[in-house]
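Let's take a walk through a protein fold together.

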Amino acid sequence: MVVSPTDKLDWSNIGFQYRDTNGFVKYTWTNESGWDQGQFVTDPMISIHVCATGLHYGQQCFEGLKAFRDDQDNVHVFRMNMNAKRMQRSADMGFMPSVPEEIFEAGVRRAVAANLEFVPPKSSGGSMYVRPFLFGSGPFIGMGPAPEFSFIVFVTPVSNYYKDGVKPVDALVVDDFDRTAPKGTGAAKLGGNYAPTFKPMFAAKDKGYAITLHLDSRTGTYIDEFSTSNFVALTHPDPTTGKRTFVTPNSSTILESVTRLSLEDIAEKHLGWNVEERPVKFSEVEQGAFAEVAAVGTAAILTPIKRIAKGDNIINIGSGSQTEIGEGFKQLYDVYRGIQDGVLPDKFGWMTLITEDDK
């Protein structure tokens, strides 16, 4: 049976923020027993030991993915197997027990299925944000892993990140802070990678820049990624074929974005464009090599960049004054959202149906 959206929320004004739902799913791991069968918890407050390593040593990682409704009110989750694999890589980096893919996917299924009425209606443009996270919940005062770990999946309904449509923004290169380092933790989704970026991010917002960009810490000449998401760019269309090239850094210090990888597939396999994962010099941006630049990630999907500031140098992407998403990224965005919403056929097999039976 299809579960319709609750009528207790004003779906046109839910915003992009946390809201309580029916509850979340929690699994516990111990050295003696491994992972348990998990339980559904209704209280949004959790009890945690004062000496938990997740609190003291940042032994924690997280993921983010979404669930969507189609025209028949069916609910599908987008590419959760990719998030499961990425969490395993993050757990390894943080010396935490791996969450088996079957437990990760079962946790997502159970959490979404128990909260189906909180998946926004398709007409609202919203989605259900799914947040799986893993942390050391047991006590350990020395330098070492916790004797107990918790894996939790909670969900919350969110609006379309851009209520008035995707709009280009200005970006600022952060020159006085390195987000990560060679052979460091930048490729893992550890919580500790994010908090240190808040200060430069909000300082940039105070100056009118919506997003910040980081260059490589070794030379300061290659693009790594934005504080919130991966860097992607499109070349100018080929004058003969009209095709573009999708360009993104292949640095070992950046997160492997599921959104970015999905857009690559659409660019190459659906639109017939070239895809290049390679070192990207910032000078290419300065020299106008790219017709369009964007930040891509789960929350907003795609944020077009119209200008990038580095010190006193302002670099226009395109005219620098555009108010709408560029033609190239619009093609990618429309296909991406079309698959998620069930408007276009899911020829990549990305969407997983969730029903009440998954509780």
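Predicted model: local features only at pLDDT ≥ 70, side-chain atom pairs only at ≥ 80, totals over all residues.

Let's begin with helices. Two packed helices are described by the angle between their axes and the distance between the axes. Find helix α2, residues 80-93, and helix α3, residues 101-113: their axes come within 9 Å and cross at roughly 130 degrees. The two helices, α2 and α3, are therefore oblique to each other. The crossing of α2 past α3 is right-handed. On the α2 side, the contact is made by Met-80, Asn-81, Asn-83, Ala-84, Lys-85, Met-87 and Gln-88. On the α3 side, look for Glu-101, Phe-104, Glu-105, Val-108 and Arg-109. Sort the residues in this α2 and α3 contact by class and you get five nonpolar, three polar and four charged ones.

In soluble globular proteins, nonpolar side chains tend to be buried together. Here, the largest nonpolar core has 36 residues, and those with the most contacts inside it are Phe-104, Val-108, Val-112, Leu-134 and Phe-151. Which elements give two or more residues to this core? They are strands β1 (24-30), β5 (65-69), β6 (75-78), β7 (127-136) and β8 (148-158), along with helices α2 and α3. Helix α3 gives the largest share, six residues.

Zoom in on Val-112 for a moment. Setting aside residues up to four places away in sequence, Val-112 touches Ala-67, Val-75, Val-77, Met-128, Val-130, Val-155 and Ile-354. There's also a second, separate core, with 28 residues, including Val-258, Trp-273, Ile-301 and Trp-350.

The axes of α5 (residues 258-270) and α7 (residues 327-341) come within 10 Å and cross at roughly 105 degrees, so α5 and α7 are roughly perpendicular to each other. In α5, the residues Thr-259, Ser-262, Leu-263, Ile-266, Ala-267 and His-270 meet Leu-332, Val-335 and Tyr-336 in α7. By class, that α5 and α7 contact has six nonpolar residues, three polar ones and no charged ones.

Finally, go back to strand β1 and pick out Thr-28. Is Thr-28 buried or exposed? With a relative accessible area of 17%, Thr-28 is buried, because the cut-off for buried is under 20%. Leaving aside neighbours within four places in sequence, Thr-28 is in contact with Gly-34, Trp-35, Asp-36, Glu-148 and Phe-149. Thr-28 and Glu-148 are 120 residues apart along the chain, yet their C-alpha atoms are separated by 7.1 Å.

How values were computed
Residues numbered from 1 in each chain as written. Heavy atoms only, no water. Axes fitted to C-alpha atoms, helices over the stretch in contact; angles between N-to-C directions. Helix = DSSP H or I, 4+ residues; strand = E, 2+ residues; numbered from the N terminus. Parallel < 35°, antiparallel > 145°, perpendicular 65-115°, else oblique. Left-handed = near helix turned anticlockwise from the far one by under 90°. Contact = heavy atoms within 4.5 Å. Nonpolar A, V, L, I, M, F, W, Y, C, P; charged D, E, K, R; others polar. Core = buried A, V, L, I, M, F, W, Y, C linked by side-chain atoms within 4.5 Å. Buried < 20%, exposed > 50% of the residue type's maximum accessible area, 1.4 Å probe, protein only.
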